[in-house]
Amino acid sequence: MTNADKKHDESLIERAARVYDFGAHLRRRDAPDTAQVSAPEIAESAPVVQAMADAPEQQIDGMAADTAPVPPAEDFGRTESEAAADDPAFDLIAAAPPAPEGAETLSREAAATLMAIPSELRAGAEPEEDPVLFLDGIAHVDRAMLAEKGMLVPGAPIGALAEEFRLVKRQLLLGARALASGPAGERSRTILVGSAKPGEGKTFCAINLAISLAAERDVEVLLIDGDFAKPNVMATLGLDDSTGFLDILADRSLDPEQFVVRTDVPQLSLLPAGKRSHSDTELLASARTREVVERLLANDPRRIIVFDTPPALAASPASVLALLVGQVMLVVRADRTTEAEIREAVNLLDGCEQISLVLNSRSYEPGRGRFGSYYG
C-alpha cells in the first residue's frame, strides 16, 4: 500500500476525531491543546454521533487567577477597569451578584456563566446545614456546583457545550422517533449512557444530555442512576441519595413513581441508584425490571428515561440494561480507549440494536472554528 493510499484509508474514529475539544471554551486561551491521538477503525455497526467535552476534572484543574493570559500590547498602560470595559463579558460580570467562593479559580468564561445564575438558585454559595429542598418537595439542583465542574447550567447563556449537546440529543430524538414506529414501541423512549472503562466521562455526558433534553418543549426527562457500585448522579447535582432503583427492584410493594425526585429544573426528574446490593445484576435481569421501566414510561407519555450505567468492561449491569433500552450512547475517550476495548464494549451491549459512539476528549485544530468561536 502506497503512502497516498494510507492517507485516504482513514479509520472512522480518526475521521470523527477531527471535531474538537468541547471543553475548550472553559480553558484559558493560552492553555496547551490536547495531544492528537489516532485510533484504528471501529465496528461499522456503532456509528459515531458527536464528540463531547473533556472530563470536568481536566477542565478545571490548574486554572488559577494568576495564570491569566498576557494582554495585547495596546492594553499596556491602561488601567484594569479601562481594559475590562472592552471585554464583552464585563457588563455581565459587573452586574451579576458576587460569585461563590472558588469561582476565582475558573476561567473568565466559566466564571461569567456561574455569575449569570440568579443568586436564589445558587445552592452551594452559602453553607447549608440541611439538604436543599423546596417546601413542596422539589429538589434544588446546585447550579454553582454544575458551573464549577464545567457542566451545562440550566438557565445560563447558551455556549459551545450547549450547542454540541443539542446536536447529540437531536440525533437521539430522531432515532427514538424512528424506533417508535417499529417493534421497539415505548422502549424507544429509553437511552442508556455508558462507556467501556471508568474515567471516560459517561456520567458527565449522561447529566448534560438529561439537562439538554429537559430543555425540549415536548418531553419530560427521568435520569436514573444505574451505576450501583459507584453512584454519582445525585452528588454531582448537589443532592442526597435516597430510596432508589435497586430498592424498587428488590421490593415489589414499592411504587416506582413515589420515589422519583422532582427537581427545580423544569421537566427534569431523578431516580437515585438505591441501596447497594450484591445481587444487582440478578435484580436487573428479573422480570421486575421490565415491569418498573414500563410503569415509569406509562405514567407519563412524554417521558424519556436516561440511564447512567457502569462501564461495560468493569461491571455487568450495563449489558443487562442494554436489553431493555431503545438506544445506547457509548462514550469513547479519544486519548484512552483502544479499538479492542470499543469492539468488546459494543459486543457486550449488542442486546440493543441502536448503538452510537460519542467521542470525548478530542481537540479541534484547524482555525479553531465551530461553536467556540461563534460564542466567543
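A residue is called buried here when its relative accessible area is under 20%, exposed when over 50%, and partly exposed in between, with a 1.4 Å probe and protein chains only. By that criterion, 49% of the 376 residues of the protein chain count as buried.

The model is predicted, so local features need pLDDT of at least 70 and side-chain atom pairs count only at pLDDT 80 or more, whereas totals for chains, interfaces and linings use all residues. Residues are numbered from 1 along each chain as its sequence is written, and side-chain values use heavy atoms, with hydrogens and water left out.

**Overall composition**

The protein chain holds 16 helices and 8 strands, where helices (H or I, at least four residues) and strands (E, at least two) are DSSP runs numbered from the N terminus. If a contact is taken as heavy atoms within 4.5 Å, then 80% of the contacts in the protein chain between residues at least 6 apart in sequence join residues at least 24 apart. The accessible surface of the protein chain, from the Shrake-Rupley method with a 1.4 Å probe, is about 18100 Å², and carbon and sulfur atoms account for 52% of that surface.

| Partner of β5 | Sense | Bridges | Residues standing opposite |
|---|---|---|---|
| β3 (residues 220-225) | parallel | 4 | Ile224 and Leu271 |
| β4 (residues 261-262) | antiparallel | 2 | Val261 and Leu270 |

The hairpin of β4 and β5 has 5 residues between the strands, and Gln267 lies in this loop. Although Gln267 is not a glycine, its phi is positive, at about 70°. With a relative accessibility of 22%, Gln267 counts as partly exposed.

**Aromatic pairs**

Rings of Phe, Tyr and Trp (its six-membered ring) pair if their centres lie within 6.5 Å, and planes under 30 degrees apart count as stacked, over 60 as edge-to-face and the rest as tilted. This rule gives 2 aromatic pairs. In one of them, the ring centres of Phe245 and Phe307 lie 6.0 Å apart and their planes meet at 45°, so the pair is tilted. This pair links distant parts of the chain, since Phe245 belongs to helix α11 (residues 245-250) and Phe307 to strand β6 (residues 303-308), 62 residues apart. Phe245 and Phe307 are both buried, and ring pairs link Phe228, Phe245 and Phe307 into a cluster.

**Helix α15**

Within helix α15 (residues 339-348), the residues Glu341, Ile342, Ala345 and Val346 are buried. Viewed down the axis of α15, its buried residues fall within an arc of 130°, so they line one face of the helix; the arc is that of the directions from the helix axis to the C-beta atoms. Ala340 and Asn347, on the other side of α15, are exposed.

**Cysteines**

With a disulfide defined as a pair of cysteine sulfur atoms within 2.5 Å, a search of the whole structure finds 0 disulfides. Cys205, at 0% relative accessibility, counts as buried, and Cys352, at 3% relative accessibility, also counts as buried.

Conventions
Pairing = 2+ DSSP bridges.
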